[in-house]
Amino acid sequence: MSSTPLLAHAAFLSYASQDADRARRICEGLRAAGVEVWFDQSGLVGGDAWDTKIRGRISSCTLFVPIISANTQARREGYFRLEWKLAAQRTHMIADGTPFLLPVVIDEVRDGDALVPPEFRGVQWTRLPDGHTTPDFVRQVQLLLAGQATADASAAPTAGPAVSPVTSTPAVAAAAPAAAPAAMPRSSRTGSARWRWLGAGAVVGCALLAYLRPWVTAPTDSPTTQQTPSAAPATAAPTPPKPDPGAPVPAAAAITDKSVAVLPFANLSAEKDSEFFADGVHEDLLTDLAKVRDLKVISRASVLGYRDATQRNLRQIGIDLGVAHILEGSVRRSGNKVRINVQLIDARTDRNIWAETYDRDLADVFAVQSEVAREITGALKVTLRPSEQQLIGRRLTTSQNAYDWFARGRGLEQDLSISDQLSRYEAVVAAYTRALEYDPSFAQAWAQLAALHGTMYWFGSADPSPERRRLAFAALDQARALAPDAPETRVAEGNVRYRCENDWTGALARFTEVEGQLPNDAQLQANIALAYRRLGRWSEAVQRFERSVELNPKDRLASTSLVETQITLRRYSQALETVRRIELRFPGDEVLRGYRLMAELERDGDWPAFIQGLASGSAADEIDRLQRDFDRTLLSGDLSGTLRVLADRRFQFRTFSLLRNTGSAVPEQISFIRAEIAAAMGDRTEAVRSGREALHTFGTMPWSPRQRGLVRALAARAQLIVDPSGSVTELRAALTEMREFDKMILTGNAVPSARTLAAIGRKEDALAFLEEALAAPTKESPQQIRHDPLFRSLRDDPRFEQLLRSAPTF
C-alpha cells in the first residue's frame, strides 16, 4: 500500500469497461470544476500491483461513485463488482451520516432493478443520462467532498443558500454535514447584453470544411458553479414529465420546483405600435427574475417562439425548456394608464398557482415589475437576498419617453442577425441615442450603447474604425460615472474590453465579477465561455456553453458554439451526441448537419459517405449550388474542377458575403485559395499570379489590431506560394504571435499553414508544422487531413499517418 498515493478529498469513479467513454465524460466534467478524480483510463491491466493500487484508492478516496448502466446489469461478473463490494464494506467502518457513496445511473436502468450491493440503496442516487454532468451534480460532489474536507466550517467563506439536489429517487440522502455549505466558496456570476455578437462568427466559421475557410476563425470565444445542493427533501417532488430527445439537459437534473419560463406578454393595447412596450415589460420582468440566484429562469431568446398564446401547450413548453412553472401575461396601455395581467402556472399539472391584475399609472411600471417579481418568488417559496431586492427594486429612468425609446432600441437590437448591414446597427444606435436625449442619466442605456458600439467595431465591415472604438469608450465612461457598480455597467466594460481591446483576461474578470448578480444570464455564460476559449481554457469553456444552453435551449449560436468547441477538442463522440440532440431543436440547420457529418466521419472513417453527405443538402440558389460544386470537386481531388468553379464570375463563398457584413477575423480572399490549389497542381504561373494578387490585398487593406496577426500569417503563406524556396521564419513567428495572443484563432490556422507547405512541396516543414498543430486543439479533424488533396504529397510518408493516429483528445 505504501506505493499507492493517497488521494485525500478525491472521488473514485467505478464503471464497466463498456461505459468508459461516458465515465470519462463525468470525469472531465468534475475535473474541469477543480474536483480531484481517480479515473483509470488504462483498462483492466491486471496483476497484483494493479489490484493493490485499486484497493488502495478505494480505501483512501473521499467519495465513491459507482456508475450503473445496462452494461453493469448485463455483466454478472466484472472487476467493477469487486470495487463495489470493497466500497460497500468500507461503509461499515465509516461513521453514520458521513457521505461516501454516490451512485450514478447513466441510462434507463430502474433503481429497483439495479444489481448493486444493498449498501448502495441506502443513499441518494443521481441520474446523468449518457454521463452528461450537470452543474448541480458538480456542485453536489464539491459539497460532499467539502463536508469531510473541512474541519472548521466557520473559517470558510459563506456560501449562498442551498437548492434542491439532483436526485431521481426519494432514497435517504447521503447528505453532507450542515456546516458543509459554508465550507464551499462560491464563484461570482455575471450577465451580458448580446453575447451573441462575440460569438456569431463561431457559426460562420464552421469547421466543416476547414480548407475552404482556413483563416475564418470564430470571433467568439471556470467551470460552471451552480446553486448549492441541499439534503434531499422530506417528501419527493412530483415526478416531472419525460423530456423530448432534444432537451439539452436531462429532465431529472434540470426540472426543479424553483424554475420558471416567462412567456412573451400579449399586447392588448389599441395602438399596435405599443407592442414594443409590452415586450419591454416582459423583458424587464424576466431580467428581474433572472437576478434571483435560487431560481432557474430561461432566457428571453428561448421563449420568444411561444409568442402565440393560442398555440401554447404549457406541459410541452415546460418539458422543452426544462422548467416546472410558466408565467403568462398581457399588457394594455391607454394614455397614461397601464393594466398588467399575470398568472403563474405549474406546467406539470396545468394548475394555476397565482394570478393578479395591476391597474397603475404608466409611471409606475417599474414598481409593478418589481412587485410581480417578488410575488412570483414568494409563490415559489424563494427567499430574496437583500442585494437581490435592491437590484429588482431599481428604477431605471424617470422618463417614460426615455424608457419607450430604450425598449424600442432593445427590441431592434435583438432582431439583428449576423448578416445585417451597417444601417440596421445605426437604427439601434439612433433609438438608444433618443432615449438618452430624454434622460442623459439613464445608465443602462449608456451601457447598452457602449456594448453596441463595441460590437460594430469588432465585426469587420460594420465599422472597425478608430472613431467607433472611441464612441464605445465614451459611452462606457458615461455608464461608469452614473452607475459604476451596476451589473450592466460591468458587463458593458467586459464587452468593450473583449471587442475593442482584445483583452480576454480583463473581459473575463469583469464578467465574473458580477456573475453572482446575474446568475441566470445565458448570454453572460456564453461570454465567459468565449473568453475562456480565447485563453485556451477549453474544458471550462465547454462547461459554460453547456450552462448557457441549459438556460437558453433555443439559442442556436450557443448550441453551435458548444458543438464547435467539442469538435475543436476532438471530442467527436461527445459532439455527435450533442449535435443529435440539438438538431431536433433546429431542423434543417446546415451548420449543425456539417458538424454531425464531421463527427460521423471520425467515427466511421467513411470519406465517400462524408462527401455524399455534404452534397446531399438542398441548394438555396445558384450561388449555393456553386459552393457545393466547389466542395465536391475539392474533396474528391478534382482540383482542375475546383479552379473552374473559382473562375465562375458568379461564384462567391457563402460565408464571404456574410463576413463582409459582419467582419469576421479576415474576409476570405479567393485569390489566395486559387494560388494554393494551383501550387498543389504544379501550375507555377497561376500560383505566382494569384499569390501576388493575394499579397497585394493583404498589404493594402486596412486591418484592425485583432486582424493583423492573422493577416501576417496569411501574407507569409502567400509569399511562400510565390517563392517556395523562401524561409518559414516569418510564418512560424506569425503563428507564435497568434498562439500568445489568441488560442481560438490559432485553432483554424495551424493546420492550414502546414497545408500550404505541403502544397508547395516543402515536405519536412509541412510535417513539422503539422506535428505542432496536432499537439493542440484544431478545427480540422484527422480524417479530413488524411483525405485533403493538398496533403497528398505527405501520404507516402509513415510519419504523416502516425501524426494523425496519435492526435490527442483534449
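Visitor: Where is N502 placed, and what is its phi?

Guide: N502 sits in the loop between α18 (487-501) and α19 (504-513). This is a predicted model, and in it N502 has a positive phi of about 55° although it is not a glycine.

Visitor: Is N502 buried or exposed?

Guide: Buried means under 20% relative accessible area. N502 has a relative accessible area of 11%, so it counts as buried.

Visitor: Which value does phi take at D130, and where is that residue found?

Guide: D130 is also a residue other than glycine with a positive phi, here near 60°. D130 is found in the loop between β5 and α5 (135-149). With a relative accessible area of 33%, D130 is partly exposed.

Visitor: Let us turn to the strands. In what order do the five strands of the open sheet stand?

Guide: The order is β2-β1-β3-β4-β5, and the pairing is parallel. The edges are held by β2 (37-38) and β5 (126-127), each with a single partner strand, so one side of each has no neighbour in the sheet.

Visitor: How many bridges pair β1 with β3?

Guide: Strand β1 (residues 11-14) pairs with strand β3 (residues 63-68) in the parallel sense over four bridges. To find the pairing by eye, look for L13, which stands opposite V65 in β3. Helix α4 (residues 79-91) packs on the sheet and touches β1 and β3. The direction of α4 makes about 140° with that of β3.

Visitor: What span should α4 have, and which of its residues are buried?

Guide: At 1.5 Å a residue, the 13 residues of α4 should span 18 Å, and its end C-alpha atoms are 19 Å apart, which agrees. The buried residues of α4 are Y79, F80, R81, E83, W84, L86, A87, A88 and R90.

Visitor: How should I think about which way the residues of a helix point?

Guide: An α-helix has 3.6 residues a turn, so residues three or four places apart point the same way. Now take α26 (residues 622-635), which has 14 residues. From its first C-alpha to its last, α26 reaches 20 Å, close to the 20 Å expected at 1.5 Å a residue.

Visitor: How many residues of α26 are buried?

Guide: Eleven of the 14 are buried, so α26 is largely enclosed by the rest of the structure. Among them are I623, L626, F630 and L634, and also D624, R628 and D631. Just after α26, G637 takes a positive phi of about 90°.

Visitor: What does a hairpin look like here, for example the one of β11 and β12?

Guide: Strand β11 (residues 325-334) and strand β12 (residues 337-346) pair in the antiparallel sense over ten bridges. Their hairpin has two residues between the strands, and G335 in the turn has a positive phi of about 60°. Within this pairing, I345 in β12 is the bridge partner of I326.

Visitor: Which strand do ten bridges join to β12 in another antiparallel pairing?

Guide: That is strand β13 (residues 351-361). I345 stands opposite N352 in β13. The hairpin of β12 and β13 has four residues between the strands, and D350 takes a positive phi near 60° there.

Visitor: How do I describe two helices that pack together?

Guide: Two packed helices are described by the angle between their axes and the distance between the axes. Helix α34 (residues 750-759) and helix α35 (residues 763-774) pack at an angle of about 170°, with their axes 8 Å apart. That angle makes α34 roughly antiparallel to α35.

Visitor: Which residues make the contact of α34 with α35?

Guide: From α34 come A750, V751, S753, A754, L757 and A758, and from α35 come D765, A766, F769, L770 and A773. These residues divide into nine nonpolar, one polar and one charged.

Visitor: What separates the C-alpha atoms of residues such as L790 and I760?

Guide: The C-alpha atoms of L790 and I760 are separated by 9.2 Å, while the residues are 30 residues apart along the chain. L790 lies in the loop between α36 (782-787) and α37 (798-805), and at 2% relative accessibility it counts as buried.

Visitor: And where is the place of F610?

Guide: F610 is in helix α25 (residues 607-615). F610 is buried, with a relative accessible area of 2%. The C-alpha atoms of F610 and M598 are separated by 7.5 Å, with the two residues twelve residues apart along the chain.

Conventions. Residues numbered from 1 in each chain as written. Predicted model: local features only at pLDDT ≥ 70, side-chain atom pairs only at ≥ 80, totals over all residues. Heavy atoms only, no water. Pairing = 2+ DSSP bridges. Contact = heavy atoms within 4.5 Å. Axes fitted to C-alpha atoms, helices over the stretch in contact; angles between N-to-C directions. Parallel < 35°, antiparallel > 145°, perpendicular 65-115°, else oblique. Nonpolar A, V, L, I, M, F, W, Y, C, P; charged D, E, K, R; others polar. Expected span 1.5 Å × (residues − 1). Buried < 20%, exposed > 50% of the residue type's maximum accessible area, 1.4 Å probe, protein only.
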